[in-house]
Amino acid sequence: MAAAAAAAAAGGLINLRHPHPSPPPRSASLRFGASHAPCGSPSPPRPLRPRRHGAPLLVARSVVAAEAAYTDPEAALLEALLGVQGRGRAVAPRQLQEVESAVQALEALGGVPDPTSSSLIEGSWQLIFTTRPGTASPIQRTFVGVDSFRIFQEVYLRTDDPRVVNVVRFSESVGDLKVEAQATIEDGKRILFRFDRAAFTFKFLPFKVPYPVPFRLLGDEAKGWLDTTYLSHTGNIRISRGNKGTTFVLQKSADPRQTLLSAISAGTGVKEVIDDFTSSKNGAEVDLNILVGEWQLLWGSQTEGESWSSIASAGLKDFQIIIEDGQLKNLVNPFPGVSLNARGNICKKGNSNTFSVSMNEGAVQVGGVQFPLDTQGEFVMEILYIDSKIRISRLNQHMLVHLRIANTT
């Protein structure tokens, strides 16, 4: 157990899987039927207009690139990481491939040369993604996989006592665990470390609780190394690889969208984060073509007391597909082997970011048998924020957060 705990510490930075329904099969996802838009013949889709200098980022290609002066490859990595659960514990193979490709692209660029010699590596870094090699200990899997915990790595190399400190912050009201290591710079990329002390700090106790691992007795098990394979020139993104074969992606200033998704995964403070997030974004005009795509609902403000037909009609669970001519389809999977769908149309109302949604037919499928389902309904959708990955909207009294999982044509 002690060796496993040391391995967790040496692994450095640590998600619990939140079950998500499987996305709709692409071969069947665009079978909408013959319904027509209620607001006249839709105009052909228009390309996105270039963003004017100083214009809001509501529909910009990448909100992160503009907000923190990220390069395009850095922004591509952050985009690929959106929606990853547990900092990498729950990730679809396609998304994992996108993340790995983005990591490799940045490593090929190199970033700051000799990062261990740069002051940019100093300070507190928040873990946003890690791979999980087969040697990862149960403790590492537990701490890193819990989205309600925040994981940091503090790097202090230019002091009389150089250190690397891994921090698990349970919450602001509970406290944290700090696992500290003596650090030595081996070369321009590699830091050697040896863990020597650790303790829990709880807000409700006037003393620290020792971490029950005898580092001095572990010998080489308490040692390791960490290579920094990419450090951004702004000092805000770092990619490191450890001696256990683990890859870490860390950030100094969190992407606001990651903060939102972390709150959703943790199930706490979502409305407050949404309020902060949307209040800082002055909305640009949203066209229908921005909404086109396959969307997965990540969070809804309320569904209690709603019937399954109402949930399907309003799209309060699972998936929503919007295509260029204004046709819309909601897909709900309430139980294994049972699916509901509702079909309708969406069209823009005037020059605002408000859309009319008219649902006119639906069906429930049990195994291979399909039955009609009354899903008729009229809704008003207000877009509060949207970019290439995230959509925040208000549908009647419901606040909804969607993640774009695919584009459609």
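Predicted model: local features only at pLDDT ≥ 70, side-chain atom pairs only at ≥ 80, totals over all residues.
Most residues other than glycine have a negative phi.

- Asp114 sits in the loop that links α4 (93-109) and β1 (123-130).
- Asp318 lies in the loop between α10 (308-314) and β11 (319-322).
- Is Asp318 buried or exposed? Asp318 counts as buried because its relative accessibility is 12%, and the cut-off for buried is under 20%.

**Val270 and its surroundings**
- Val270 belongs to helix α8, which covers residues 270-279.
- With a relative accessibility of 6%, Val270 counts as buried.
- Which residues does Val270 touch, leaving aside its neighbours within four places in sequence? They are Ala263, Ile264 and Trp299.
- Leu260 is ten residues from Val270 in sequence, and their C-alpha atoms are 6.9 Å apart in space.

**The chain as a whole**
- Ten helices and 18 strands make up the secondary-structure elements counted in the chain.
- The chain has 409 residues, and 52% of them count as buried.
- Its accessible surface comes to about 18900 Å², and carbon and sulfur atoms account for 54% of that area.

Methods. Residues numbered from 1 in each chain as written. Heavy atoms only, no water. Helix = DSSP H or I, 4+ residues; strand = E, 2+ residues; numbered from the N terminus. Buried < 20%, exposed > 50% of the residue type's maximum accessible area, 1.4 Å probe, protein only. Contact = heavy atoms within 4.5 Å. Areas by Shrake-Rupley, 256 points an atom, 1.4 Å probe, with all protein chains shown as cover.
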